[in-house]
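Open the model in your viewer and keep the selection tool at hand. The stops below are given in order, each with something to select and something to look for.

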Amino acid sequence: MKSVKEFKVIARFQHNQKNILMKKISLLLFIAVFSFTYSVKAQTEAQKVEICSGIAGPDATYQKDLQVSLDAAQGNEKPPQAKYSMILQKDTKYRLTICTADDSPGRGYLQLVDGDKMLGATYDPKTGREFKGFDFDCQKTAVYHIFIGFVDGKAGNCIAILSFVKKL
Amino acid sequence: MKNMIRKLACIVSCVLILYACKSGNSDYSSQLGIDDSTGTGEVEVSQAAMSQVVDNVSSPVEMAALIKAIGVPFSQKYMATTDNSDNYNTSFSKAFNLGVFGADLGYLNMYNKTSSVVEYITVIKKLAEGINVGQFFDFNTLKRLATNNENIDSLKYISVHSFNVMDKYLQKNKRSNLSALMVAGVWVEGIYLATQVYKDKPNKKLAEHIGEQKLMLSELLIILNNYQKDKYIADLITDLNTIKTEFDQVTITIIKGEPEQVIENDVLTIKQNEKSIVNISDEQLKKLISVTEQVRDKLVKIQ
């Protein structure tokens, strides 16, 4: 027959075991939920690229995607831009498309530059007119630069797609 | 009861963790080891060098589109054979030939040759797994699309996107040397394709396109020179320089012009009036065809 003291020890032991078990379950569930959340986020990035590629149109063949995330300009500093250099070939119609993320504070824009000459942009700050993208009828094989930023220097997330449309 | 709760929690957690691991685009750390026996292990390239890298040096889509546009019928003989694929034992040969077969896949997709796609994506999957980027190649979906001859646009999209994801992953995880090799493989196979087609069916646009590869090769060599300490890449540079020597005779003239912006039906089109004119003679083309053949055949046989 067990004494009161023995019962108390057993009860305390059982209580501690229960605590340890609950902690293990909580840890496992936390890892599981974290992994699931991370995987959902990762899948969404791929889906965003695919959706943006679809926005380019059925006549466009996806070639490259540029995923941009920028902080807002601080104080008087120049609004940040991401720069990419690409070779584009003559006698080719390309399409550049920009898709701003739903939760992006700023609206993304894209500029195509040849050397020091801007060829085209999805946003005209003078008129405020915006385009989802533009076609580029390339006649000179060269290295071009694509600049991506956010209107008014805000922070933002966006995806730009370079598509091949056709040979000219 | 306790045991049951514990087991249930474990099962649920394992299922969710496995599901998370299956996602193709997770940002894996560089814990995945690679075959280091070639010396093409992790590589540190300065941020300044990386920021100068030019993209789109080689595009399987564009090369194949040009060949199709000039009316040349599809031919299997232009493509690399998959018979050698079991012999690619080093990271170098795997990464390079991954690019080669990527170019061939672009060619197959452009001509909607879905019956041959499965054979090539099988090899691509094997090579990609060999350099630990197989998880980014959506083999099952590509196989389904190709086998059922459905949705060619999705087939094209997933093919190109898979390669882009593999490329980005390699660059992010200090394996940009393998990314450079993949790009080199696509370029070599692309120019091989163009020169072989030109041999069979001379065409002015194709000749110009071949001549323009002078620029692409220059950019490719800039990328590869970052890794010239690697013996295999150094040898590749030597081989590519034999092609560059022939390109040195090709001249490209620029005729200045201002761009126009045209808006039609709310669609903005930039029409470029500045043009590049390629000056390449028949003799130069003949030499380029010959040297490209030699270099490409040598590289696809390397183990």
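A residue is called buried here if 20 or more other C-beta atoms lie within 10 Å of its own. By that count, buried residues make up 43% of the 303 residues in chain B. Bear in mind throughout that this is a predicted model.

**Chain B as a whole.** Colour chain B by secondary structure to see its eleven helices and four strands. Then consider the contacts in chain B between residues at least 6 apart in sequence: 74% of them join residues at least 24 apart.

**Helix H9 of chain B.** Select residues 204–225 of chain B, which form helix H9. Its 22 residues should span 32 Å at 1.5 Å a residue, and its end C-alpha atoms are 32 Å apart, so the two agree. Centre the view on B:Leu215, where H9(B) has a kink of about 30°. The helix is mostly covered, with 16 of its 22 residues buried.

**The largest nonpolar core.** Next, select A:Ala160, B:Ile124 and B:Ala184. Of the 116 residues in the largest nonpolar core, these three touch the most other members. Which helix gives the most to this core? Helix H8 of chain B, residues 176–200, does, with 15 residues. In soluble globular proteins, nonpolar side chains tend to be buried together.

Now select strand S3 of chain A, residues 92–100, in which eight of the nine residues are buried. S3(A) pairs in the antiparallel sense with strand S8 of chain A, residues 156–167, over nine bridges. S3(A) also pairs with strand S6 of chain A, residues 133–138, in the antiparallel sense over six bridges. To find this second pairing, select A:Arg95, which stands opposite A:Asp135 in S6(A).

**B:Gln261.** Finish in strand S2 of chain B, residues 260–264, where B:Gln261 is found. Is B:Gln261 buried or partly exposed? It counts as partly exposed, because it has 13 C-beta neighbours inside 10 Å. Beyond its neighbours within four places in sequence, B:Gln261 is in contact with B:Leu268 and B:Ile270, and with A:Gly120 of chain A. Lastly, draw a C-alpha to C-alpha distance from B:Gln261 to B:Gln272: the two are eleven residues apart in sequence and 8.8 Å apart in space.

Technical notes
Residues numbered from 1 in each chain as written. Chains lettered and ligands numbered in written order. Predicted model: local features only at pLDDT ≥ 70, side-chain atom pairs only at ≥ 80, totals over all residues. Helix = DSSP H or I, 4+ residues; strand = E, 2+ residues; numbered from the N terminus. Buried ≥ 20, exposed ≤ 12 C-beta atoms within 10 Å, placed from the backbone. Contact = placed C-beta atoms within 7 Å. Core = buried A, V, L, I, M, F, W, Y, C linked by C-beta atoms within 7 Å. Expected span 1.5 Å × (residues − 1). Bend = angle between axes of the 7 residues up to and from the residue. Pairing = 2+ DSSP bridges.
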